[in-house]
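Morning, everyone. Please have a look at the model before I start talking.

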Amino acid sequence: MNQILKAQSRVLSRRSFLMTVGGLGIAVSFGTLVDLAYGATMAAVAEGEFRPNAWITIGGDGTVSIIAPAVEMGQGITTTLPLLVAEELDADWNRVRVVQAPSDAETYGNPGFYGVQLTGGSESTRGYHALLRLTGAQTRLILLAGAAGMLNVPVRELKTEPHRVLHPSSGRSLDYGEIAAKAVLPDPLPQAAETDLKPSDRWRYIGSRTIGRIDVPSKVNGTAIFGIDVQLPGMLYGAVLRAPVQDEGPQTIDDAEARKVPGVTHIVPLPYGVGIIGETVEATKRAKDLLNVTWSTTSRVRSYTSQRLLDEYRAVGRDLEQQGVSAHANGDAEAAITGAARVIEVDYMSDHVAHATMEPMNATALVTGDRVEIWAPTQGPTGTQGFAAEVVGTTPDKVKVNTTFVGGGFGRKAEADFIVDAVSLAKAVQGRPVKVIWSREDDVRYDKFRPLEAQHVRVGLDAEGNIIGWRHRIVADSIFARTLPPVFEQAGGHDDVVTEGAKFNYAVPAHQIEYLRQDNGLAIGFWFAVGVGYTRFAIECVIDEIAAARDMDPLALRLELLKDQPRARKVIETVAQMADWDRARNGQALGLAYSDAFGSHCAQVAEVSLNRETGVIRVHKVWCAIDPGVAIQPLHIEAMMMTGITNGTGHALFEQINVIDGEVQESNFDTYRVIRMSEAPEIEVAVVPTPGSPFGGIGQAGLPPTGPAIANAVARLTGGVRLRHYPFTPERVKAALDS
């Protein structure tokens, strides 16, 4: 077993982190390049005239162009999804070109994500995989039919190998390019079924550890185009001065000094601020600083003070008379708890956090009459079309979206505010493109933060310490009420993104989850692992509290509660062996946490130490075992776990947004604290797939267990001191120690 784990795991130290870019593998020792085959490349347009369907084009030279329907924001999806097509098509990966999908939800919308083009929720592979595999298989059938006609043989006598159709009995063969150059598409087109898909033992690409992410080479050599890199002839630049409080607007605008700045061409009043257009970024920034604006004072967000509201949220969670919307109900949890021999009742809380993407918000727009063209690092082309059309007064079909690489998304670039900026300013200078780039200060202050939330958890234990009832109350505002009102209303006021992750697979006879929405006006949004990031914090820490109450090893308790969940047990047992769970540490302790969110099973162990005088927690190492079901790209999965763990460590220890009277107090990385490279833990990952299982989501699966693993380690290190409020700032840690 140790040898298997050693072969499956990969260690990342802080030093080697510098040498790792996504799926680009560079070994821990300097200068040793892992032998990766990048194969396919990115292309601007499809090549060739043989187009058997909307997803694939084949040129006479054999070049196969495959549409990538999801947005690349560092999660490697422009490799993963085309790879599924290439696998079933039996294409030579070295002859594949990947083309970003145009804005066309009817054709390229995600079947598993409301049918729109929106990348998020770890839904890309889960939503598209069936469609894309069948598309690849169908194209293979079409090529076989074309070859049958060209060779004058029955289709049943033909087979394929990478990029060729073979007729074994005669020894003849045709390259895919030869077929594309001469064959006629059959009418009707053959349709592929599940029986036409390759069995897993014939996969060439799925599961390979030698295929690198195709976006990495251009990102390393600097040729990759992110939204902020877009350059167009005649382009102007734009900036927007926003009100200090959300939902306020300008009442008076004194722009006399701003107009004097050389290079400034336009000052544009907007309902929510003031736009500046100029020949250079520097000119717009200077003019923005010189604007003198009187703002309205009517927004209800002016009464929003996050710490006060969090105290109110906690009180709401504790008040069992206040009824919420049922998010899940299995048995009568409250009745079971009422009759319990022992009740554990605790509160867990999380502050707002910002996205702080490496690439700040930006977009470029060109408005010509009722036509709009946009170049942007957007996660949501469909939403971008809709909001742009609304600004211009046109229809979405007249809006073309060119999706660039996204320099960090985490849900932030699914929003439309930065798109609206660019389109609004471009509308004012018809016929010339305008690029708007947010400052880092604007990026932080006007973010759509992860919800402020409080959770009240009541668990009833019988005389033997067995869980007989679990009641989980989640108090927070809604994301869907703002972003997808019809979905929110159809769900009866339940927001399943805010409560996501609260439903678990532990064997509990009575389990109740309630959502109590608090509407205080501040626009909150999607964030990395959104609800799962804090619901698993509460759940996994409560599991440890129950273990302590039973004087039981928290590892043993989880295995007991998951006795009928073999995949869950596998990752927990694997990570425990990786971390040498039972070995005593000197001045350090281990904490365990598990998550089954996004269809993947992930267990982590964190090794931490604590400076009791300063309250500073140090995370030395995190071990992770991940079962994604089918592991399409194991190396890439390892990299994504490292990303999630690094972000998970940072948000658990440092990240915090404070709002006072509607104004965000943080503005840049000097006040919004993110993890530093010197603070990043060593990370070891083992990918332990379960063949034949569904495809799980990977993009966000690594974050949820990290924070609770850290908190549980601190509790073991301190003899039971519980950290129940994200982030674990030194002040909060010292207060917990003192209490």
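A charge sits over a ring if NZ of Lys or CZ of Arg is within 6 Å of the ring centre and within 35 degrees of the ring normal. Arg673 does this over the face of Phe654, at 4.1 Å from the ring centre. Lys219 lies over the face of Phe405, at 4.8 Å from the ring centre.

Now the ground rules. This is a predicted model: local features need pLDDT of at least 70, side-chain atom pairs count only at pLDDT 80 or more, and totals for chains, interfaces and linings use all residues. Residues are numbered from 1 along each chain as its sequence is written, and side-chain values use heavy atoms, with hydrogens and water left out.

Back to Phe405. Phe405 is buried, at a relative accessible area of 10% (buried means under 20%, exposed over 50%, partly exposed in between; 1.4 Å probe, protein chains only).

Next, aromatic pairs. Ring centres of Phe, Tyr or Trp (its six-membered ring) must lie within 6.5 Å; planes under 30 degrees apart are stacked, over 60 edge-to-face, the rest tilted. How many pairs does a search of the whole structure find? It finds 14. Phe226 and Phe405 make a tilted one: 5.8 Å centre to centre, 50° between the planes. Phe226 is in the loop between helix H7 (216-221) and strand S9 (236-242), and Phe405 in the loop between strand S18 (399-403) and helix H13 (417-428), so the pair ties together parts 179 residues apart in sequence. Helices (H or I, at least four residues) and strands (E, at least two) are DSSP runs, numbered from the N terminus.

Phe480 and Phe526 are edge-to-face: 6.1 Å centre to centre, 65° between the planes. Phe480 is buried, at 4% relative accessibility. Last one: Tyr348, Phe537, Tyr726 and Phe728 form one aromatic cluster.
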